[in-house]
Amino acid sequence: MRIESPHSIIEISTAPAEEQMNLLKTVPLNVVQSIRAFRVGDLQEEAARLGQHFLYAYCAEATTKQQVLAIIADAFHFPKHFGKNFDALGDCLTDLAYKAGPQPGFVVVIEQLPNTPKFDKEARETLLDVFRDGADFWADKKVAFRVFYSFQ
């Protein structure tokens, strides 16, 4: 339904509530993508509705690879022995979670990845590649693993 007033146009969805709720309907089950038009709160609600794990890390204060990895490790409740390197991140995203038993799926949000000399484009791409490897791992297990990210 479209409502027009002198100052604005308002679109009101007349789709059934069930259809409106499926926020991730068009998002592949195993993907790493920019957060774009999604809002963190909506993704969290959708993960809860689907019964999936919601993992969130806000990295705006980080300036180095070690700081980014420490924020992720803390936010995702990785073990104390987490090595703060990309290999350890990959292990935590796959092996540890898989050994914990059947998984219902994951919605992961990593916001405000830094753009600094000590966490440059190459470091960001390597980090995202680790998450892509995680998405591939979980795809093989038929478990949803959706990662959304943003840069500063």
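Leu 69 lies in helix 3, where helices are DSSP runs of H or I of at least four residues, strands are runs of E of at least two, and both are numbered from the N terminus. The model is predicted; local features need pLDDT of at least 70 and side-chain atom pairs count only at pLDDT 80 or more, whereas totals for chains, interfaces and linings use all residues. Residues are numbered from 1 along each chain as its sequence is written, and side-chain values use heavy atoms, with hydrogens and water left out.

With a relative accessible area of 1%, Leu 69 is buried (buried, under 20% relative accessible area; exposed, over 50%; partly exposed, in between; 1.4 Å probe, protein chains only). Leaving out residues up to four places away in sequence, Leu 69 touches Phe 82, Lys 84, Asn 85, Phe 86, Leu 89 and Leu 127, a contact being heavy atoms within 4.5 Å. The C-alpha atoms of Leu 69 and Phe 82 are 9.3 Å apart, at a sequence distance of 13 residues.

The buried residues of helix 3 include Val 68, Leu 69, Ile 72 and Ala 73. These residues cover an arc of only 130° around the axis, which puts them on the same side of helix 3; the arc is that of the directions from the helix axis to the C-beta atoms. An α-helix has 3.6 residues a turn, so residues three or four places apart point the same way. After helix 3 comes His 77, with a positive phi near 60°.

Ala 123, Arg 124, Leu 127, Leu 128, Val 130, Phe 131, Gly 134, Ala 135, Phe 137 and Trp 138 are the buried residues of helix 5. They lie on the same side of helix 5, because the arc that they cover around the axis is only 165°. Exposed residues Lys 121, Glu 122, Asp 133, Asp 136 and Asp 140 are carried on the face of helix 5 turned away from its buried side. Just after helix 5, Lys 142 has a positive phi of about 60°.

The largest nonpolar core has 34 residues, and those with the most contacts inside it are Ile 72, Leu 89, Leu 127 and Phe 131. A nonpolar core is a set of buried Ala, Val, Leu, Ile, Met, Phe, Trp, Tyr and Cys residues joined through side-chain atoms within 4.5 Å. At least two residues of this core come from each of strand 4 (53-58), helix 3 (65-75), helix 4 (86-99), strand 5 (106-113), helix 5 and strand 6 (145-151). The most, 8 residues, come from helix 5. Apart from its neighbours within four places in sequence, Ile 72 contacts Ala 57, Cys 59, Phe 78, Leu 89, Leu 127 and Phe 131. A second, separate core has 11 residues, among them Ile 35, Phe 38, Leu 43 and Val 109.

Cys 59 counts as buried at 0% relative accessibility, as does Cys 92 at 9%. The whole structure has 0 disulfides (cysteine sulfur atoms within 2.5 Å).

Overall, the protein has 5 helices and 6 strands, in the order β-β-α-β-α-β-α-α-β-α-β from the N terminus. Of its 152 residues, 41% count as buried. Among contacts with a separation of 6 or more, 65% join residues 24 or more positions apart.
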